[in-house]
Amino acid sequence: MKDLLTQVSFHPMMGKFLTYVDSRSPYYKERYSGFIGSNADENYARELMQLFTIGLDKLNRDGTPVVENGVVVPAYTQRHVRNFARAWTGFTNAAKRINVEQYVEVANKFDNMWINGVERDPFPKIDTLNGYIGDGYPLW
């Protein structure tokens, strides 16, 4: 699953259609552009959680929804979406290929996107279990 999500997430068409290509961190926007209080693009973060991974409702081990006081418990909140969106900042299209995109006004739609570290959010992101995204994993 990890390999599939990596390939999907770095694909330039996914970045375009779910609008996170060229999404910049709030820190970058404030420091370099003067935009204060703006958020990273939340579209891919929300779709990734809702459709590709955890779904809308928190589940018990047997697959039934967790219910508290007669209400189904959501798997994530808007706070989680905002935090996850910051993880998808800094993605940029690869350079145009001379033999394919040289004479047209489009981005490279074939090669994986790369991460621009300057535009990426440098701060820790809270996960849905109130830990941090990437805890316990090497950076690369």
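Modeller: Gladly. Buried means under 20% relative accessible area, exposed means over 50%, and partly exposed is in between, all with a 1.4 Å probe and protein chains only. This is a predicted model, where local features need pLDDT of at least 70 and side-chain atom pairs count only at pLDDT 80 or more, while totals for chains, interfaces and linings use all residues. Residues are numbered from 1 along each chain as its sequence is written, and side-chain values use heavy atoms, with hydrogens and water left out.

Colleague: Why is Asn69 called exposed?

Modeller: Its relative accessible area is 82%, and the limit is over 50%, so Asn69 is exposed. Asn69 sits in the loop between strand S1 (67-68) and strand S2 (71-72); helices here are DSSP runs of H or I with at least four residues, and strands are runs of E with at least two, numbered from the N terminus. Its phi is near 55 degrees, a positive value in a residue other than glycine.

Colleague: What about Asn130: buried or exposed?

Modeller: Asn130 has 55% relative accessibility, which is over 50%, so it counts as exposed. Asn130 is in the segment after strand S4 (114-115), and it has a positive phi of about 65 degrees although it is not a glycine.

Colleague: What does His11 touch, beyond its neighbours within four places in sequence?

Modeller: Tyr20, Lys109, Asn112 and Met113 are its contacts, where contact means heavy atoms within 4.5 Å. As for Glu119, 108 residues away along the chain, its C-alpha atom is 18 Å from that of His11.

Colleague: How do you know that Glu42 is buried?

Modeller: Its relative accessibility is 16%, which is under 20%, so Glu42 counts as buried. Glu42 lies in the loop between H3 and H4. Neighbours within four places aside, Glu42 is in contact with Gln78, Val81, Arg82 and Ala85.

Colleague: And what makes Leu48 buried?

Modeller: The value for Leu48 is 10%, again under 20%, so it is buried. Leu48 belongs to helix H4 and, not counting residues up to four places away in sequence, touches Leu5, Thr53 and Trp88.

Colleague: How do H1 and H4 pack?

Modeller: Helix H1 (residues 2-10) and helix H4 (residues 43-52) pack at an angle of about 150 degrees, with axes 13 Å apart. The contact comes from Leu5, Val8 and Ser9 of H1 and Tyr44, Leu48 and Phe52 of H4. By class, that gives five nonpolar, one polar and no charged residues; nonpolar covers Ala, Val, Leu, Ile, Met, Phe, Trp, Tyr, Cys and Pro, charged covers Asp, Glu, Lys and Arg, and the others, Gly among them, are polar. The axes are lines fitted to C-alpha atoms over the stretch in contact, and angles run from 0 to 180 degrees between N-to-C directions.

Colleague: Why is helix H5 (residues 78-87) said to be largely enclosed?

Modeller: Seven of its 10 residues are buried, so H5 is largely enclosed by the rest of the structure. The buried ones are His80, Val81, Asn83, Phe84, Ala85, Arg86 and Ala87. Their cover includes helix H3 (26-33), H4 and strand S3 (91-92).

Colleague: What lines the second largest pocket?

Modeller: There are 13 lining residues, with Ile54, Lys58, Ala75, Thr128 and Leu129 nearest the centre. A pocket is an open set of points on a 1 Å grid over the protein atoms alone, where a 1.4 Å probe fits, with protein on both sides within 12 Å along at least five of seven lines; lining residues have an atom within 4 Å of a point. The lining divides into seven nonpolar, four polar and two charged residues.
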